[in-house]
Amino acid sequence: MKASGPLSRIRVVLSRPSHPGNIGAAARAMKTMGIAQLVLVRPRRFPDPEARAMASGALDVLQSARVCADLDEALAGTVFSVALSARPRELAHPPQDARAAACEILQAAGAGEVGIVFGNETVGLTNGEIMRCSRLARIPASEAYASLNLAQAVQVMAYELRMASLARSVPAKADLAPHEDLEQLYAHLERSLYASGFLHPRHPRKLMERMRRLIARAKLEKVEVNILRGMLAAWDRPKSK
């Protein structure tokens, strides 16, 4: 399968999936909506006959799936990423509903690769995984029972993306900073804050989580990341007396 337009730049990332049937069903859900990039982070069983059986007509998506060792590898090269979680999280990004998130994903896909991250069937995404993404989204299911099967969640999000792609034009590309550049910025910022004494190693006060939220909202371009890292490097240099 060859996807086209902004949908071709969307990666569906399944982090630590435990049931191979869900992987195959997710591949089928993606293909029905014109999305072809499937990325798996440390799947328990893959490849697996059950995944092939559940893919039904989407074996091309399944066979081209990429397996990664961690989320950073899965998101390498992306300029925007959205984590899906039904549970409220302390100090996470403010959650969007799936429809609003789909519109923002399509806009970002005009600039480059985008990742949509789904967690393990039992425990979902960790707080650390969520904070490595640009946004947090939720599917507004019934409060009485909000637990969707993994492949069902992929299908809902893929449908919203399909509808968003049909309803709007994609804006002109911007030179957004890729995931790995942002992670290097966060690491540099943390080192500088420790060195300055502003961030105390025994009392971090969730400062870096808050900084991640602030920076993610800005959708920094490559040149802006370079400017910030240049400023940090200048501040890091010993000052002559």
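## Helix pairs and rings: worked exercises

A search of the whole structure finds 0 aromatic pairs (rings of Phe, Tyr and Trp, the last by its six-membered ring, pair if their centres lie within 6.5 Å). The model is predicted, with local features needing pLDDT of at least 70 and side-chain atom pairs counting only at pLDDT 80 or more, while totals for chains, interfaces and linings use all residues. Residues are numbered from 1 along each chain as its sequence is written, and side-chain values use heavy atoms, leaving out hydrogens and water.

**Exercise 1.** Find which charged end sits over the ring of F80.

*Solution.* Look at K219: its charged end lies over that ring, 5.1 Å from the centre. The criterion is NZ of Lys or CZ of Arg within 6 Å of the ring centre and within 35 degrees of the ring normal.

**Exercise 2.** Work out how α8 is oriented relative to α9.

*Solution.* Start with the axes, which are lines fitted to C-alpha atoms over the stretch in contact, with angles from 0 to 180 degrees between N-to-C directions. Those of helix α8 (residues 179–196) and helix α9 (residues 207–218) come within 11 Å and cross at roughly 140 degrees. That makes α8 oblique to α9, since angles under 35 degrees count as roughly parallel, over 145 as roughly antiparallel, 65 to 115 as roughly perpendicular and the rest as oblique.

**Exercise 3.** Now do likewise for α1 and α7.

*Solution.* The axes of helix α1 (residues 20–32) and helix α7 (residues 150–167) come within 8 Å, crossing at roughly 15 degrees. α1 is therefore roughly parallel to α7. Finally, list the contact (heavy atoms within 4.5 Å): A25 and M30 are among the α1 residues that meet α7, where the partners include L150 and V154.

Methods: Helix = DSSP H or I, 4+ residues; strand = E, 2+ residues; numbered from the N terminus. Phe/Tyr/Trp six-rings, centres within 6.5 Å; stacked < 30°, edge-to-face > 60°.
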